[in-house]
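Open the model in your viewer and keep the selection tool handy. Could you walk me through it, one selection at a time?

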Amino acid sequence: MASSPYQNAESESENKFTFAIPNIKLQPLTHLKDYIPNLQTHPSPLDTNPFFRPLSEFYITPSDVILRHILHDFTGTFPTSGPNLAYHRAGPRKQIHFEPGHVRAAIVTCGGLCPGMNTVIKELVVGLWELYGVREIYGVRAGYRGFYSTEAVALNPKMVHEWHRKGGTVLETARGGFDLDKIVNAIQDRGFNQVYIIGGDGTMRGMVQIFNEIKRRKLNIAVAGIPKTVDNDVGIIDKSFGFQTAVEMAQQAINAAHTEAESAVNGIGLVKLMGRSTGHIALNATLSSRDVDCCLIPENDFYLEGKGGLFEFLDIRLKDNGHAVLVVAEGAGQDIIPRDDQSHVAEKDESGNPVFLDVGGWLKSELKKWWERDHPKELFTVKYIDPTYMIRAVPANATDNLYCTLLAHSAIHGAMAGYTGFVCGPINGNYAYIPVEEVAKAKNPVNTRDHKWAWFRSIANQPDFARS
Ligand SMILES: Nc1ncnc2c1ncn2[C@@H]1O[C@H](COP(=O)(O)OP(=O)(O)OP(=O)(O)O)[C@@H](O)[C@H]1O
Ligand SMILES: O=P(O)(O)OC[C@H]1O[C@](O)(CO)[C@@H](O)[C@@H]1O
Ligand SMILES: [Mg+2]
């Protein structure tokens, strides 16, 4: 008989596995029974659902895990730092914790918009209703503050039927308004026992506090996070929903910039794309378009004047091609844009995120000044396109819509089973439950040392802006 890679495979708790495979560390997954003793379990209603008729392998067991790193070097030199992390696999469990008739679920959306938010909400409602027979599902309006400042709206499959076709979030979203006591008191007072939180890195930091406070009060409430960020700046997961849709939308702006630039004498098409601290949208849109000559991202500092600078590069491009297309992520160049007296101290939004100076507007004016100074007799045009909200305020494309459904189902299965304090998301293509503390800390910068960035630079011949 083949020996199992796991010991204690019949153990009650998902966290007690001792891995016989060396150098793998299983990340914890909190269950409500970890802090509330003697909780009941119930057979999953999927057992008797005529559409599912699950076979035994249908259900996920505590020994099903997903490895964080799939790249290995047989000599043992890669991955280099520490053990390989394993996460519990998302999906339906044979025994669940919540009786569907006793569930009161709340769904909230926080932070900026992202294509697919409405699909996640819709699929949470439909999934809870159809898969598990839950009938009390509520939408919390306008982000975290909505828990304590407005009445939640009762939702059902009929109401949300068309929501996946709409951009934005029908529940409304907001920044700021995080008041831990008020939020947890409201969750308790309104009798919610499952809370689904859809949001980005800031939202996940708030969720950590909510989860810890619920645990401290020993409440029978499951908290599940669904990562949302158009910037793709949440770490660990493969990528965030809506990101691909945004990259696709950005192509329209780049195409327009290219046409404008090509149709002018010494034309520059300049496109500013979202990306607070990461340049994923800018880089992916650039790579897919193939019409971009230069891509500026927050992870790679740049400068304008002198040898190896942006102006020198564009000078050569305009001489060679007669036009150039420049894509810039909104978080790029913030250190080199001069601040006037009023904006000396960086402005913050309601959540405490820095509000950026307009790198696109600044670049446009600097480009014009440079050309007038160095080539005063020659024609020159900069066409600046800022499609900021157009790339995120759209419905999700087909791939993202499917992704949103799988995320929603993963969250439902986890919460119904009694797990809490987790965020669900794909790791190497498989859906996992990741501790929210880990997600709240994880960043996802563009790796400027990898193949993708080098590939782009080799096509565009863009300088690395490293001053020699
Ligand atoms: N450290 C924190 N602790 C508690 N709450 C926080 C924290 N950081 C942010 N929040 C709250 O989380 C919510 C969303 O945060 P934020 O506006 O930063 O958006 P986000 O979730 O990062 O999404 P995105 O970046 O995609 O717009 C806000 O209500 C904010 O007050
Ligand atoms: O103007 P808002 O809605 O506050 O959001 C703008 C920010 O939100 C994001 O779309 C997501 O964080 C960023 O790319 C952008 O800087
Ligand atoms: Mg954020």
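Start by selecting M274, which sits in the loop between β14 (267-273) and α7 (280-289). Keep in mind that this is a predicted model. Is M274 buried or exposed? Its relative accessible area is 6%, so M274 counts as buried, the cut-off being under 20%. Now show its surroundings: leaving aside neighbours within four places in sequence, M274 is in contact with V230, D231, I281, E330, T388, Y389, I391 and R392.

Next, move to R276, which is found in the loop between β14 and α7. With a relative accessible area of 23%, R276 is partly exposed. Not counting residues up to four places away in sequence, R276 touches R175, D231, P298, E330, G331, D349, N353, P354 and F356.

Then colour the annotated set. The UniProt annotation "binding site", from an unreviewed entry, covers T229, V230, D231, M274, G275, R276, E330, Y389, M390, I391 and R392. From this set, T229, V230, D231, M274, R276, E330, Y389 and R392 belong to the lining of the largest pocket.

Finally, select ligand 1. How many residues surround ligand 1? There are 17, and the closest are G112, G176, D201, T203 and S351.

- D201: a polar side-chain atom lies 2.5 Å from an oxygen atom of ligand 1.
- K228: a polar side-chain atom lies 2.8 Å from an oxygen atom of ligand 1.
- Q209: an N or O atom in the side chain is 3.1 Å from a nitrogen atom of ligand 1.

Key
Residues numbered from 1 in each chain as written. Chains lettered and ligands numbered in written order. Predicted model: local features only at pLDDT ≥ 70, side-chain atom pairs only at ≥ 80, totals over all residues. Heavy atoms only, no water. UniProt positions renumbered as here; feature names shortened; annotations may be inferred. 1 Å grid on protein atoms, 1.4 Å probe; cavity = no way out; pocket = protein on both sides within 12 Å on 5 of 7 lines; lining within 4 Å. Helix = DSSP H or I, 4+ residues; strand = E, 2+ residues; numbered from the N terminus. Buried < 20%, exposed > 50% of the residue type's maximum accessible area, 1.4 Å probe, protein only. Contact = heavy atoms within 4.5 Å. Near = heavy atom within 4 Å. Polar contact = N/O pair within 3.5 Å; in protein donor to acceptor, adjacent residues only side chain to side chain.
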